[in-house]
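I opened this model to see how its parts are arranged. My entries follow the order in which I looked things up.

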Amino acid sequence: MSLWSAGRYEAVAQQISPIAARVVDTAGRLRPLPGADVVDLACGTGSAALTAAAAGATVTGVDLTPELLAIAADKPGGDAVRWVAADAAATGLPDAAFDIVVSNMGTIFVEPVSLVAEVTRLLRPGGVFGFSTWVRDADNPFYNPIIDVLGPRPAADHSPDQWGEADVITTRLSENFGEIFIENDSHTWTFESLEQAVRFITDESPMHVDVLGRLDEPTRTRLIEAFRAALGSYARVDGTIGFQASYAVVAAVRQPA
């Protein structure tokens with residue numbers, strides 16, 4: 001079972017779907033979408049893939065988790081996309097088969113060297129790689145409680161938020177991509193109440209559900225209370241919860257082979 005089948009990923013996808021639309025739009029400004037061959041890597045429940053298909057592209061959606069692909073296929077317009085269960089770094093798709101590769105907060109979780117090699121292989125010369133990435137914020141109520149309760153994460157060769165650093169993006173892509181564009185912005189996470197925000201952590205967000213599921217009950221309880229306090233600090237007068245999270249949309253043009 002994939003980590004991403006834990007919880008209810010669609011709750012995450014609904015929150016970040018505006019970013020998916022922006023990724024597709026950004027890529028489409030460099031390579032028009034009508035008639036383009038597009039692949040959405042680590043597509044989740046298909047927000048970017050469906051947006052590209054609605055814009056006139058021929059689209060393939062790739063994800064490691066069949067349960068998420070099934071949800072994507074059942075959405076309006078889902079029958080217009082080819083859905084493939086595969087690793088984003090080893091898709092099995094043909095060489096130079098696509099004009100555009102997109103990903104909305106998906107490929108940032110994939111080992112970067114193999115990921116960039118696969119994207120390069122899939123793209124035709126002059127093709128576009130467009131993706132979104134979170135940018136590290138000093139105050140992050142989705143992450144800081146984990147550090148506060150469990151301590152710093154072990155050292156690793158790569159982490160998703162590394163893609164939010166401009167020098168990392170340039171280092172990883174410059175060998176195969178001649179033009180690299182980075183647009184920074186912020187996304188508003190919104191919940192109707194503190195209880196809904198905590199439920200998102202405990203029952204819906206796959207990464208949080210996975211972390212919580214690995215803990216003994218006293219530690220799990222402490223971590224949930226830390227999330228409650230962190231999220232509660234963003235309560236508005238009307239009782240809703242809302243906070244900003246930094247992100248970037250990256251677009252890069254593949255050099256000729």
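Below are my notes on the sheet, the helices beside it and a few loop residues.

**Basis.** I am working with a predicted model, where local features need pLDDT of at least 70, side-chain atom pairs count only at pLDDT 80 or more, and totals for chains, interfaces and linings use all residues. Residues are numbered from 1 along each chain as its sequence is written, and side-chain values use heavy atoms, with hydrogens and water left out.

**Sheet.** I take helices (H or I, at least four residues) and strands (E, at least two) as DSSP runs numbered from the N terminus. Two strands pair if DSSP finds at least two bridges between them. I found an open sheet of seven strands in the order 3-2-1-4-5-7-6, and its pairing is mixed. Strand 3 (81-85) and strand 6 (177-191) are at the edges with a single partner strand each, so one side of each has no neighbour in the sheet. I then looked up strand 1 (residues 37-41), which pairs with strand 4 (residues 98-104) in the parallel sense over three bridges. Val38 has Ile100 in strand 4 as its bridge partner.

**Helices on the sheet.** For directions I use axes fitted as lines to C-alpha atoms, for helices over the stretch in contact, with angles from 0 to 180 degrees between N-to-C directions. Contact means heavy atoms within 4.5 Å. Helix 3 (residues 66-73) lies across strand 2 (58-63) and strand 3, and runs at about 170 degrees to strand 3. Helix 7 (residues 194-204) packs on the sheet too, touching strand 6 and strand 7 (241-254), at about 130 degrees to the direction of strand 6.

**Helix pair.** How do helix 7 and helix 9 (residues 217-232) cross? Their axes come within 10 Å and cross at roughly 135 degrees. The two helices are therefore oblique to each other (under 35 degrees is roughly parallel, over 145 roughly antiparallel, 65 to 115 roughly perpendicular, the rest oblique). I list the contact residues as Leu194, Glu195, Ala197, Val198, Ile201 and Thr202 of helix 7 with Arg220, Ile224, Phe227, Arg228, Leu231 and Gly232 of helix 9.

**Loops.** Leaving out residues up to four places away in sequence, Ser205 touches Val12 and Phe200. Ala96, in the loop between strand 3 and strand 4, counts as partly exposed at 35%. Ala96 has a positive phi of about 45 degrees although it is not a glycine.

Definitions and conventions: Buried < 20%, exposed > 50% of the residue type's maximum accessible area, 1.4 Å probe, protein only.
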